[in-house]
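Dear colleague,

Please find the structure below, together with a short account of what was found in it.

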Amino acid sequence: MNSAILGTGSYVPEHVLTNADLERMVETSDTWIVERTGIRERRLVESGQACSDLALEAAQRALLSANVKASDIDLILLATCTGDTSLPSTACLLQHRLGATKAAACDISAACCGFVYALSIADAYVKTGMRYVLVIGAEVMSAITNWTDRNTCVLFGDGAGAVVLGLGSPDSGVLSTHLHANGRLSEMIHVPGGGSKEPASREVLDNKRCYIHMKGNETFKIAVKSMEEAAQEAVKANGVIMGDIDLFIPHQANMRILKAVSQRLGLAQEKLMINLDKFGNTSAASIPLALDEAVQSKRIQKGHLVLLAAFGAGLTWASALVRW
Ligand code: UT7
């Protein structure tokens with residue numbers, strides 16, 4: 001028996017940061033950002049709003065849509081690289097705020113692949129007898145963004161998406177998941193300071209070591225190749241062909257990456273889910289945010305074959321095939 005996505009939910013903060021706003025902050029232009037990334041605006045948290053606040057809203061909406069009570073959840077997996085604090089896990093804060101009293105809870109750290117990694121772990125638990133697992137991707141990327149670095153600050157946004165996983169049927173639900181990592185390329189995208197290697201200090205702050213550093217151009221090329229590979233792997237593993245896919249939901253990193261990947265896969269543009277124009281790159285939140293939008297807008301219907309593919313820091317890459 002497969003696990004199935006019983007409900008979805010998402011939440012983005014209200015504050016909108018447009019490309020015009022960024023023009024006033026760094027040497028950039030709306031034209032450059034739209035042409036090179038496809039992003040027009042992104043959402044940012046208000047001061048005092050943290051990862052658990054976004055996760056809570058998304059989780060409550062997912063529980064409502066799944067018609068599952070928080071007290072019935074067995075496990076909470078929160079994919080994030082921007083938790084409220086480094087200790088305890090943000091999943092524990094969420095467990096308390098949801099009133100999910102019997103749920104075990106932990107964070108999953110796999111950057112932009114975090115949601116697909118967490119989905120894969122949840123799937124394994126449901127298949128082996130667990131009843132309900134709450135899987136969330138929630139990020140406050142604005143907290144680790146250097147707002148004076150035009151190479152990165154135009155890309156990221158804040159948000160959260162969630163799903164409730166429970167028992168499906170033999171021919172629907174999560175058909176397979178595929179996870180990969182290559183730590184040799186860990187410095188392609190990283191936050192060098194603020195952890196145990198370079199603990200928080202005045203120097204770390206002054207040298208902007210507690211913010212995302214990214215080799216954008218090199219990452220771009222690997223992202224296209226890895227997401228294509230992961231997508232092909234999911235299709236092959238299930239004996240289907242790319243033409244059978246009803247909706248492709250890739251990690252929303254850059255419009256040019258999404259178009260290049262779907263072109264290489266031979267997928268028509270109308271099968272590609274895009275919402276990064278509104279939200280930018282929200283890391284682990286990006287796929288569940290797009291998934292919830294696709295469900296809400298009825299782009300996903302019962303029986304549809306939905307392909308998820310992600311890529312991000314680690315480096316990590318991953319995919320999942322879901323029969324709705
Ligand atoms: O989710 C994690 C995965 N991350 C990604 O997938 C990110 C992948 N990479 C990208 O999306 C792209 O590489 C970027 C959007 C980050 C950059 O686009 P690019 O086409 O690769 O640009 P580039 O880095 O090669 O830079 C081209 C030029 C440079 O100027 P020169 O050296 O040619 O004079 C940059 O300094 O564009 C300049 N540039 C900018 N100009 C205006 C870089 N950022 C900006 C900016 N506004 N914001």
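The residues of the shell around the ligand divide into nine nonpolar, nine polar and four charged; Ala, Val, Leu, Ile, Met, Phe, Trp, Tyr, Cys and Pro count as nonpolar, Asp, Glu, Lys and Arg as charged, and the others, Gly among them, as polar. The model is predicted, so local features need pLDDT of at least 70 and side-chain atom pairs pLDDT 80 or more, while totals for chains, interfaces and linings use all residues. Residues are numbered from 1 along each chain as its sequence is written, and side-chain values use heavy atoms, without hydrogens and water.

Where does the ligand lie? Both domain 1 (3-169) and domain 2 (175-323) give residues to its shell, so the ligand lies between them; the domain bounds come from an automatic or database domain assignment.

Two polar contacts (pairs of N or O atoms within 3.5 Å) involve oxygen atoms of the ligand: a polar side-chain atom of N254 lies 2.7 Å from one, and a polar side-chain atom of R256 lies 2.8 Å from one. The protein buries 74% of the 950 Å² that the ligand exposes when taken alone, by the Shrake-Rupley method with a 1.4 Å probe.

Helix α8 (residues 216-237) gives the most to the shell, with four residues. Helices are DSSP runs (H or I, at least four residues), numbered from the N terminus. The 22 residues of α8 should span 32 Å at 1.5 Å a residue, and its end C-alpha atoms are 31 Å apart, which agrees; the expected span is 1.5 Å times one less than the number of residues.

With kind regards

Conventions
Helices (H or I, at least four residues) and strands (E, at least two) are DSSP runs, numbered from the N terminus. A polar contact is a pair of N or O atoms within 3.5 Å; within protein, one must be able to donate a hydrogen and the other to accept it, and residues adjacent in sequence count only if both atoms are side-chain atoms.
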